[in-house]
Amino acid sequence: MEISGAGGLFSTYSICSNAAGIAGNLCAFVLFISPIPTFRRIIRNKSTEQFSGLPYIYALLNCLICLWYGTPIVSPGIILVFTVNSVGAVFQLAYILIFIIYAERTKKLKMLGLLFGVFAAFAAVVSISICLFQPPNRQTFVGYLSVISLISMFASPLFIINLVIRTRSVEYMPFYLSLATFLMSLSFFAYGMFKQDPFIYIPNGIGGVLGIIQLVLYWRYSRPNEEPTRPLLESNA
């Protein structure tokens, strides 16, 4: 009876862990597709106009590092971190390639250089982690890099939060993206807690707090007739 009870508890624990990870993947997918209207406009106008490609460069590097952290050779048992960042990397790479195609020559060359720089940095991370580190030190090394990368991505929501407070307007903070960001962070925070992995739950805990702040600001500053006009991930140069 004790063995059966332990098995049932383990099964429930595993189901809850996987459910949190899958929920995080689904919420992340909403964020990944959010720039699509921007790139439809770029393709339609055959110009990148004043849009910046840097957010997608940063996002690609972040996805690649976190993807590597989620691989079994680095961190066994967290495959859902690998899947979400694999999908994210594909989306970010597609956005970058579209940006390069329609950018003017100066921006095109800059973006190509940054793209090669991202791949070079990722190759260096993979090589160093394999050649110089053995488990579990390999997981620790890549884990710290993934946390640094994730925390650097918080610059965008912090900028948006500051903008909303200064302008007292949620024009640049769509509700559904703020909600998706919060739910994704909350889901992966839970996933990290179930997996007892601080490299997952610490940055996502911070992201969850920022998501709550965004939702509170939306409630505080939203007006009945005001509709957000630009996605959160869209950035001007």
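Reader: Is arginine 168 buried, partly exposed or exposed?

Author: In this predicted model, the relative accessibility of arginine 168 is 48%. Exposed would require over 50% and buried under 20%, so arginine 168 counts as partly exposed.

Reader: Where does arginine 168 lie, and what is its phi?

Author: Arginine 168 belongs to the loop between helix 7 (155-167) and helix 8 (175-195). Most residues other than glycine have a negative phi. Arginine 168 is not a glycine, and yet its phi is positive, at about 55°.

Reader: Which class of accessibility does glutamine 196 fall into?

Author: Glutamine 196 sits in the loop between helix 8 and helix 9 (198-221), and, although not a glycine, it has a positive phi of about 55°. Its relative accessibility is 66%; the cut-off for the class is over 50%, and therefore glutamine 196 counts as exposed.

Reader: Is the peptide bond from proline 135 to proline 136 cis or trans?

Author: Proline 136 is placed in the loop between helix 5 (105-132) and helix 6 (137-152). Most peptide bonds are trans. The bond from proline 135 to proline 136, however, has omega near 0°, and is cis.

Reader: Which residues does lysine 108 touch, not counting those up to four places away in sequence?

Author: Lysine 108 is found in helix 5 and, with a relative accessible area of 24%, is partly exposed. Isoleucine 96 is 12 residues from lysine 108 in sequence, with 10.0 Å between their C-alpha atoms. Once residues up to four places away in sequence are set aside, lysine 108 touches Ile100, Ile101, Tyr102 and Ala103.

Key. Residues numbered from 1 in each chain as written. Predicted model: local features only at pLDDT ≥ 70, side-chain atom pairs only at ≥ 80, totals over all residues. Heavy atoms only, no water. Helix = DSSP H or I, 4+ residues; strand = E, 2+ residues; numbered from the N terminus. Buried < 20%, exposed > 50% of the residue type's maximum accessible area, 1.4 Å probe, protein only. Contact = heavy atoms within 4.5 Å.
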